[in-house]
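Here's a quick briefing to read with the model open beside you. We'll start with the rings and then step back to the overall build.

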Amino acid sequence: MRITQSMLSNNMLRNLSSSYNKMGKLQEQLTSGKKVNRPSDDPVVVMKGMGYRMQVDKVATFQKNLGEVNNWLDSTDDALDGVGQVLHRAKELVTNAANTGTMTPEDREKIKIELEQLQKQIQDLANTKVGDKYIFSGTKTDTPVYGENGFPTDQATLDAFGKPVQIEVFDGVSLNVNTNAVGMFQDIDKLFEEMKAIGDDGAGFSDALSKIDTQMDAVLTARADVGARSNRAELMHNRLEMQEGAAKKQQSENEDIDYEKVITEMLTQESIHRAALSVGARIIQPSLVDFLR
């Protein structure tokens, strides 16, 4: 078969075009830092990358949910701490009121006035909110525990107050973020009503002391439960960080380029391209135009 000048020229141009494409692809990789910049580059890598990216996004969603869990638990612990402080102050007042030797009826009336304010503080703490949700209202988060007419009496609302609020923090793992403390708040409110109704002789204040201690123990038990769930949330946070690191590592190994390797390939391809240009200039025969210069 006769090799014509046209065949040599077309073959050289085709090879040069292929060389340009290779250098262009390597340049895109260096610019983006990714092995593939379009699905046609490597469909397998693209499909794996989508899976790894979905895993990273899922972990990010769980981390946001875990932040909401910590917000609920921290707010609950702060509210219960406030309840404990109120009961501690109430115990001091009741201890003084129970002293029949030095307290006058007028003094006890002043103590009852402060006890009424402490009772209102307890009611405010029972209506603690995270955002627009009441944290002690169970699944009925739009309804305050203590409303304008006091504590609710209908059974449906009370049942909703006792139901858990759960937030998903991992595949198939949900944490209970609320505390069923409605009964405790009702008992404390009832105790304050009893203390305000004690006569001027102060005979009932001594009995109230043991009841206050009982409610303080209930508050400590509730806080211990919140603390245990906070510890588990911390463990889940560590687990999610490990999952995130593993997913991002897999994603990086699948998609990111090895800069040293790609730069070396780029330099090699440039050398090959220059050699091709040099050889091509020797292969193509001079034309008549070259002789007429």
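How many aromatic pairs does the structure hold? In this predicted model, there are three aromatic pairs.

**Phe 62 and Phe 170**
- The ring centres of Phe 62 and Phe 170 sit 6.1 Å apart with the planes at 35°, so this pair is tilted. That angle falls between the cut-offs, since stacked needs under 30 degrees and edge-to-face needs over 60.
- Phe 62 belongs to helix H2 (residues 43-97) and Phe 170 to strand S3 (residues 166-170), so the pair ties together parts that are 108 residues apart in sequence.
- Phe 62 has a relative accessible area of 6%, so it is buried.
- Phe 170 also counts as buried, at 11% relative accessibility.

**Phe 136 and Phe 185**
- Here the ring centres of Phe 136 and Phe 185 are 5.1 Å apart and the planes meet at 70°, which makes the pair edge-to-face.
- Phe 136 is in the loop between strand S2 (133-134) and helix H4 (155-161), while Phe 185 is in helix H5 (residues 182-196), so this pair links parts 49 residues apart in sequence.
- Phe 136 is buried, with 0% relative accessibility.
- Phe 185 is buried too, and its relative accessible area is 0%.

**Charges over rings**
- Phe 170 turns up again here: Arg 239 lies over the face of its ring, 4.0 Å from the ring centre.
- Lys 129 lies over the face of Tyr 134, at 4.9 Å from the ring centre.

**Helices and strands**
- What does the protein have in the way of helices and strands? There are eight helices and four strands.
- Going along the sequence, their order is α-α-α-β-β-α-β-β-α-α-α-α.

**Overall shape and surface**
- The radius of gyration is 38 Å, whereas a compact globule of 293 residues would come in near 19 Å.
- The C-alpha trace spans about 130 × 40 × 30 Å along its principal axes.
- Of the 293 residues, 34% are buried.
- The protein's accessible surface is about 17,400 Å², and carbon and sulfur atoms account for 52% of that.
- Take the contacts between residues at least 6 apart in sequence: 73% of those join residues at least 24 apart.

Technical notes:
Residues numbered from 1 in each chain as written. Predicted model: local features only at pLDDT ≥ 70, side-chain atom pairs only at ≥ 80, totals over all residues. Heavy atoms only, no water. Phe/Tyr/Trp six-rings, centres within 6.5 Å; stacked < 30°, edge-to-face > 60°. Helix = DSSP H or I, 4+ residues; strand = E, 2+ residues; numbered from the N terminus. Buried < 20%, exposed > 50% of the residue type's maximum accessible area, 1.4 Å probe, protein only. Lys NZ or Arg CZ within 6 Å of the ring centre and 35° of its normal. Rg over C-alpha atoms; globule rule 2.2 N^0.38 Å. Contact = heavy atoms within 4.5 Å. Areas by Shrake-Rupley, 256 points an atom, 1.4 Å probe, with all protein chains shown as cover.
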